[in-house]
Amino acid sequence: MRLIKFKLILFCCKHMKLIIARYIILALIFYLKGNLLSAQEINDSLLVSFDLGEIVVFEEYPYKNQKEENEFKQLEEDLYVVYPLVQIVRKEYARINKDLSLYHGTNDKEFMKWYENYAKDNYMQYLSDLNPRQGRLFLKLISRELNYTPYELIKEYRNGFRAVLWQGAARFFLANLKIEYDKEEYPMIEYLIKKFDAENGV
């Protein structure tokens with residue numbers, strides 16, 4: 001009798017696991033319904049196919065020593081703060097060039113003066129929250145994304161005097177608006193950006 005009860009309990013446990021598994025599958029179907037490709041019945045069983053898209057697997061960054069590992073972790077933390085701001089700059093840069101093309105050189109200065117105030121009102125708060133280390137990374141990534149140094153951009157879209165003025169202010173915080181970016185020189189940054197883009201579907 002005890003053996004029969006034990007088998008009955010074991011059967012019930014297996015049955016409950018099957019029910020739970022079915023609920024998990026149903027939950028997964030509803031969660032991934034946007035990626036649902038097909039569902040067909042085969043031998044009284046429901047076969048569901050999903051398109052999960054591309055899955056990118058990153059190998060762990062090859063640290064040379066503990067110091068480099070600590071540097072990597074700090075850079076990763078900073079980049080996840082700074083990189084979204086750089087993406088905003090890239091979009092705004094494209095917007096500026098598009099809007100400037102509508103003026104055909106007639107009111108360029110007035111437009112740029114207006115845009116400078118607009119940028120200060122909407123984005124200066126985020127930039128002021130960056131610490132000096134993150135600020136230097138921000139300048140570096142601007143050069144990477146736009147293929148122009150921040151100094152060149154200020155000089156081109158405002159004037160040389162402002163570029164010199166801002167360069168002096170940057171130097172006060174041990175930063176450099178004239179910094180150029182070479183992907184070969186910054187493998188750690190390149191690794192983290194690729195990882196960030198993969199995680200965010202960029």
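Trainee: What is the volume of the second largest pocket?
Mentor: The model is predicted: local features need pLDDT of at least 70 and side-chain atom pairs count only at pLDDT 80 or more, while totals for chains, interfaces and linings use all residues. A pocket is an open set of points on a 1 Å grid over the protein atoms alone, where a 1.4 Å probe fits and protein lies on both sides within 12 Å along at least five of seven lines. Volume is the space filled by probe spheres set on the points, joined across faces, edges and corners. For the second largest pocket it is about 380 Å³.

Trainee: Which lining residues are closest to the centre of the second largest pocket?
Mentor: Lining residues have an atom within 4 Å of a point. There are 20 of them here, and the closest to the centre are Glu71, Leu75, Leu137, Lys140 and Ile189.

Trainee: Which elements each supply at least two residues of that lining?
Mentor: Helices are DSSP runs of H or I with at least four residues, numbered from the N terminus. Residues are numbered from 1 along each chain as its sequence is written, and side-chain values use heavy atoms, without hydrogens and water. The suppliers are α2, α4 and α7 (187-199).

Trainee: How many residues does α3 give to the lining of the largest pocket?
Mentor: The largest pocket holds about 1,400 Å³ of space. Its lining has 37 residues, with Met124, Leu127, Phe138, Ile154 and Trp166 closest to the centre. Elements giving two or more residues are α2 (66-103), α3 (108-128), α4 (132-146), α5 (150-157) and α6 (160-172). The most comes from α3, and the number is ten.

Trainee: Where is the kink in α3 centred?
Mentor: A bend is the angle between axes fitted to the seven residues ending at a residue and the seven starting there. In α3 the kink is about 50°, centred on Asn122.

Trainee: Which elements do the buried residues of α3 pack against?
Mentor: Buried means under 20% relative accessible area, with a 1.4 Å probe and protein chains only. In α3 the buried residues are Phe111, Met112, Tyr115 and Glu116. They pack against α2, α5 and α6.

Trainee: Why does Leu85 count as buried?
Mentor: Leu85 sits in helix α2. It counts as buried because its relative accessibility is 14%.

Trainee: Which residues is Leu85 in contact with, leaving aside neighbours within four places in sequence?
Mentor: The C-alpha atoms of Leu85 and Leu127 are 8.2 Å apart, although 42 residues separate the two along the chain. Contact means heavy atoms within 4.5 Å. By that rule, Leu85 has contacts with Tyr126, Leu127, Leu130 and Phe138.

Conventions
Buried < 20%, exposed > 50% of the residue type's maximum accessible area, 1.4 Å probe, protein only.
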